[in-house]
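Work through the exercises below with the sequence and the model in view. Try each task before reading its solution.

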Amino acid sequence: MSAPSTAPIRVLLADDEGLVRSGFKLLIDVEDDIAVVAEATDGAQAVDLARAARPDVVLMDIRMPRLDGIQATARITATRGLEDVRILILTTYDTDAYVFEALQAGASGFLLKDAGPAELLHAIRVVAAGEALLAPRITRRLIGKFTAWHTASTNARDRLAPLTGREREVLALIGRGLSNQEIGAELFISPATARTHVSRTMAKLGARDRAQLVVVAYQTGLVVPDA
């Protein structure tokens, strides 16, 4: 059981629509383990508030004035001291281009705005825990197709050179969307050992989190998009 004294997940809301922010805030504020700590009306303000408030998760709209959500995500993830901030992209647009660009910018998750309340709250908790999250309608097939189109380079597999054979196996399973528990079961190792392999793989590849490992798995051909 989780200890009741655990600090709540700190959330920054970034959306230029006041009604959207109000709706998210009302939804989040009734939860004991999640709290809204700041609200931004555009991407530039989101960057400033992320630096000031140090949230655990940023709910980031894509279409915003001054700076869009993908540019804001890139700035936040490139800022020293904000390495642990997780970005959950919220949008009404479900094209593969946005998925790829958001992940490349450092986003940990991607969710459509019409997701239900339970799905949104689950998404916040998932990305806060360091997992990657993609909206069900935005399939790994689309990510794989767009990633392959963008990165058809002859040296893509050179990125795998630092990895051991086991770490390559782990990376492939991450690309398929498996959790540490599932990776452990697949490879007959403990979840703790799987977690260690994931951490080492992340460090060797310079990946910020599991979402970026998913991209690398597709880029290097460890995971092949569905036909």
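This is a predicted model: local features need pLDDT of at least 70, side-chain atom pairs count only at pLDDT 80 or more; totals for chains, interfaces and linings use all residues.

**Exercise 1. Bridges across the sequence**

How many salt bridges does the model contain? Which parts of the chain does the pair Asp-15 and Lys-113 tie together?

Solution. 
- Step 1. The count is nine salt bridges.
- Step 2. Asp-15 and Lys-113 form one of them, with 2.9 Å from N to O.
- Step 3. Asp-15 lies in the loop between strand E1 (9-14) and helix H1 (18-29), and Lys-113 in the loop between strand E5 (109-112) and helix H5 (117-128), so the pair links parts that are 98 residues apart in sequence.
- Step 4. Asp-15 has a relative accessible area of 3% and is buried.

Now take the pair Glu-167 and Lys-204. Which helices hold these two residues?

Solution. 
- Step 1. Their side chains meet in a salt bridge of 2.9 Å, N to O.
- Step 2. Glu-167 is in helix H7 (residues 165-175) and Lys-204 in helix H9 (residues 191-205), so the bridge ties together parts 37 residues apart in sequence.
- Step 3. Glu-167 is buried, with a relative accessible area of 3%. Lys-204 is partly exposed, at 39%.
- Step 4. Return to the earlier pair. Salt bridges with shared partners join Asp-15, Asp-61 and Lys-113 into one network.

**Exercise 2. A threonine in a strand**

Is Thr-91 buried or exposed? Which residues does Thr-91 contact, leaving aside neighbours within four places in sequence?

Solution. 
- Step 1. Thr-91 belongs to strand E4 (residues 86-91).
- Step 2. Its relative accessibility is 0%, so Thr-91 is buried.
- Step 3. With those neighbours set aside, Thr-91 touches Asp-61, Ile-62, Phe-110, Leu-111, Leu-112 and Lys-113.
- Step 4. Asp-61 and Lys-113 are network members, and Thr-91 contacts both.

**Exercise 3. Two helix pairs**

At what angle do the axes of H7 and H8 cross? Which residues of H7 and H8 make the contact?

Solution. 
- Step 1. The axes of H7 and helix H8 (residues 180-187) cross at roughly 130° and come within 10 Å.
- Step 2. H7 and H8 are therefore oblique to each other.
- Step 3. The crossing of H7 past H8 is right-handed.
- Step 4. H7 contributes Arg-166, Glu-169, Val-170, Leu-173 and Ile-174, and H8 contributes Ile-183, Glu-186 and Leu-187.
- Step 5. Sorted by type, the contact residues are five nonpolar, no polar and three charged.

How are H9 and H10 oriented to each other?

Solution. 
- Step 1. H9 and helix H10 (residues 210-219) pack at about 70°, with their axes 11 Å apart.
- Step 2. H9 and H10 are therefore roughly perpendicular.
- Step 3. Val-198, Thr-201, Met-202 and Leu-205 of H9 meet Arg-210, Leu-213 and Val-216 of H10.
- Step 4. The contact of H9 with H10 has five nonpolar residues, one polar and one charged.

**Exercise 4. Positive phi**

What is the phi of Arg-54? Where is Phe-188 found?

Solution. 
- Step 1. Most residues other than glycine have a negative phi.
- Step 2. Arg-54 has a positive phi near 50°. Arg-54 sits in the loop between helix H2 (43-53) and strand E3 (57-61), and is partly exposed at 45%.
- Step 3. Phe-188 also has a positive phi, about 60°, though not a glycine. Phe-188 is in the loop between H8 and H9. With a relative accessible area of 77%, Phe-188 is exposed.

**Exercise 5. The whole chain**

How many helices and strands are there in the protein?

Solution. 
- Step 1. The protein has 10 helices and six strands.
- Step 2. Of its 227 residues, 49% are buried.
- Step 3. Among contacts with a separation of 6 or more, 65% join residues 24 or more positions apart.

Terms used: Residues are numbered from 1 along each chain as its sequence is written. Side-chain values use heavy atoms; hydrogens and water are left out. A salt bridge is a side-chain nitrogen of Lys or Arg within 4 Å of a carboxyl oxygen of Asp or Glu. Helices (H or I, at least four residues) and strands (E, at least two) are DSSP runs, numbered from the N terminus. Buried means under 20% relative accessible area, exposed over 50%, partly exposed in between (1.4 Å probe, protein chains only). Axes are lines fitted to C-alpha atoms, for helices over the stretch in contact, and angles run from 0 to 180 degrees between N-to-C directions. Angles under 35 degrees count as roughly parallel, over 145 as roughly antiparallel, 65 to 115 as roughly perpendicular and the rest as oblique. A crossing is left-handed if the near helix is turned anticlockwise from the far one by less than a right angle, and right-handed if clockwise. Contact means heavy atoms within 4.5 Å. Ala, Val, Leu, Ile, Met, Phe, Trp, Tyr, Cys and Pro count as nonpolar, Asp, Glu, Lys and Arg as charged, and the others, Gly among them, as polar.
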